[in-house]
Amino acid sequence: MPDPLRDDIRLLGGLLGTVLREAGGQDLLDDVERLRELTIRAYGADDGGASLDEAAEVVAGYSLERAEQLARAFTCYFHLANLAEEYHRVRVLHQRESESGAAIEESLPAAFTQLSEEVGRDEALRRLGELEFRPVLTAHPTEARRRAVSGAVRRIGDLLAERDTMRPGGTSLTENGRRLLAEIDTMWRTSPIRASKPTVIDEVKTAMGVFDATMFNTFPEVYRRLDDWLLDGEAGATPPVAKPFVYLGSWIGGDRDGNPNVTAEVTRQAATLAAEHALTALEEAARTTGRKLTLEEATTPASPELKALWQQLRQLSDELVAQATADSPNEPHRAAVLAIAGRVRATRTRNADLAYRVPEELEADLRVVQDSLVQAGAHRAAYGDLQKLVWQVQTFGFHLAEIEVRQHSQVHAAALEEIHDKGVHGDLSDRTREVLDTYRALGAVQKRFGERAARRYIVSFTQAPEHMAAVYQLAELAFEGTDDAPVIDAIPLFETFADLENSVDILEAMLEMPQVQKRLAENGRRVEVMLGYSDSSKDVGPVAATLALHSAQSRIAQWAEKHDITMTQFHGRGGALGRGGGPANRAVLAQPPHSVDGRFKLTEQGEVILARYGNPTIAARHIEQVAAATLLASAPSTEKRNASTAERFSGLASSLDATSRARFHELVLSEGFPQWFSEVTPLEEVGLLPIGSRPAKRGLSVNSLDDLRAIPWVFSWSQARINLAGWYGLGTALREFGDLDELTAAYREWPLFGTLLDNIEMSLAKTDERIAAQYLALGDRDDLAAMVLEELRLTREWVLKITGNDWPLASRRVLGRAVQLRSPYVDALSLLQVRALRALRTQGTSEGLTVDDGEWVDGGYKDRWRHLLLLTVNGVSAGLQNTG
């Protein structure tokens, strides 16, 4: 571990120890240290599990109060360790940028340089101008950490960064230490769990907090850094080459598939709240920019166009112009931008006389000011902060993020059937009325914030062309007899293995629909298709799903090329490896030829939002890495490599697909598997945890995997330290293929296989067979438990053979060591969780609980055991970092 990181962890760990001693006495700290030492010793012990049994015995002897305190202590430690690791990433990035005279690896400048060498600078610039990266924020129950705790962690992070600029021995360093201690004490004393489930609007507010803290300023800074590279010494003094390429989407408040809490009214509220944040940020940025333009008329005269704009502003509001003039005597550009800021405020407060109708009007006014500055010779003022403001308007508009609606195809089918029977004005069910109201909400959002604010409508489980036609039919019914229907782009979501196989046939039929032909004529023949990683993995296993997705992407790309369609493939990737997670930039570079073509869209889910966008430096790096990969995905060398290796290793792909799928089905289709899964993981309890607005399952119980959502499927296996959703079936498939030389060559040469194995290796690194056995022992199916453990050993054995590592992640020195060092601490929390689960599974004892129709029933201990369980879920989530 690098010395600065080790020093930070020791510092924060020592301060946490002080807080524990002050809050709970030396006995509490001694118990924490004892459990820590036992799990560390057990982690590396070759004693048949005796050391782990000793640790479990100690855990069993703790009172409930002490168990809760220990869970909180280890959870606090992980929050601090994660923070230290995040800050060290920032430190390393800053160091690389300051030391490197050339473009750093996986950056946009490096990608542009490589692309220019392959296709020429002019063609590279054209492709750069068409680049699109569309992250879509989604709210799923995978972020177990409270916002209050996140706030404390953020403040501790600021103090940790502050220490790097201080000299040892000074009073300022002492003061910093005192404030750190106070913040850690606050974090320890803050309840780590929510008192109730968050509402959808709470989830919107969480996302808005990230926008306020980083996104609004970070996105244009990425454009600025690219411009600095492209223009070198001319940057900031000439028109920018870089164009906005990051456009946010959001499912938060729009995704109603399986979430009855998302209603038409909630969708309106979510869009309004996002717009409030966007307009507030734009107003403040405009005022800040305007105040700096203290260029007097004598040195920087206003252009005729700016004078004309000023007269227009005067006609709109004498009061607005008078105030701007008073604040900016003889400073026409400053006055104009301050008046523009006033109009942005009027837009936010819905003052119809002054408000901008669309963001393009605001951008046009800013361009008048910019051009006036250029004509007056003030190029740096024109292309400095004012250009950043222009980029922000172009990127976020007035809506901040396009709200995307998602609904299940069967809900549409049922609504159409009911309307056919009763008529659109008949006595319709609440669900059907809500379907129609959703379209009306889309119309209202578009009318107020523009077409960009909400036009995408995603259909879950698209299994037939009729499911796409239903979107347009229902829209026409919702606005029957009027011309107010919103613009809608229906997007099929192919999720299961069968749906992926049938995707092109469905798209071919969709193309014949008049509504689709009309949209193609209007939007330049642009089509979007979404691919579901989670349900396909739950359907056929992670290996077969990965190969099926890759094949579907290739066929969809060929279909689009055949029909002269500009295709965007939308990847429904989760944060966890079992849901398509892993480094997004590597995934992009492994895509089939023409499946990217400069456009990449994916979901950013749960804890991933904070991990990737919570820190400005890390957010900028993430955007650059993904954008760079998106640019390079269509480079001739990349496409040639992906095409040739996919063809060369097609036999391997077929073998892995068939064998892994059969092995996966052998397990999950076993009689009683769903019930056993519920027993050996915290599945039922996760569904009761207040960590998301969306229900964890589709019914009251889990009788089949179809009843279970993909998120708790992955989340529960992760909590049980098994991570089955990320690797099951691969070991048998590799053994069956058997040719180690060919597998090693595929790992080295075929990007798709290399990415798959690296992601599975990460999943295995966070899996622990000894701890997993403790969870599996909670069930009464030794046969299923044996299958899981056998496949785990087999997968680990073959992955290490192929990668050449002695242990998972051995070749990734810093990351692998970090995972190893934190694993024993996660073990401590897992042992506490197993104890809580054992109590929850036991009936007829003083510690026993049962769950009956979603209600907790017990002999008096329910709240305490439930509380301990929630604490351990928080801690394990923090320790593993990628959960759901």
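Hi everyone, let's start with a helix pair: H13 and H15 are roughly antiparallel to each other, a label for angles over 145 degrees. This is a predicted model, where local features need pLDDT of at least 70, side-chain atom pairs count only at pLDDT 80 or more, and totals for chains, interfaces and linings use all residues. Residues are numbered from 1 along each chain as its sequence is written, and side-chain values use heavy atoms, leaving out hydrogens and water.

Helices here are DSSP runs of H or I with at least four residues, strands are E runs of at least two, and numbering goes from the N terminus. The axes of H13 (residues 359-375) and H15 (residues 385-396) come within 10 Å and cross at roughly 165°. Axes are lines fitted to C-alpha atoms, for helices over the stretch in contact, with angles from 0 to 180 degrees between N-to-C directions.

Who touches whom? On the H13 side, the contact (heavy atoms within 4.5 Å) includes Leu362, Leu366 and Leu373, while H15 brings Leu386, Leu389 and Val390, among others.

Now the sheet, please. Nine strands form an open sheet with parallel pairing, in the order E3-E2-E1-E9-E8-E7-E6-E5-E4; pairing takes at least two DSSP bridges between two strands. At the edges sit E3 (402-403) and E4 (405-408), each pairing on one side only. Helix H16 (residues 409-422) packs on this sheet, touching E4 and E5 (456-460), and its direction makes about 75° with that of E4.

Elsewhere in the sheet, E1 (residues 132-138) pairs with E2 (residues 249-250) in the parallel sense over two bridges. Leucine 137 has serine 250 in E2 as its bridge partner.

How values were computed. Parallel < 35°, antiparallel > 145°, perpendicular 65-115°, else oblique.
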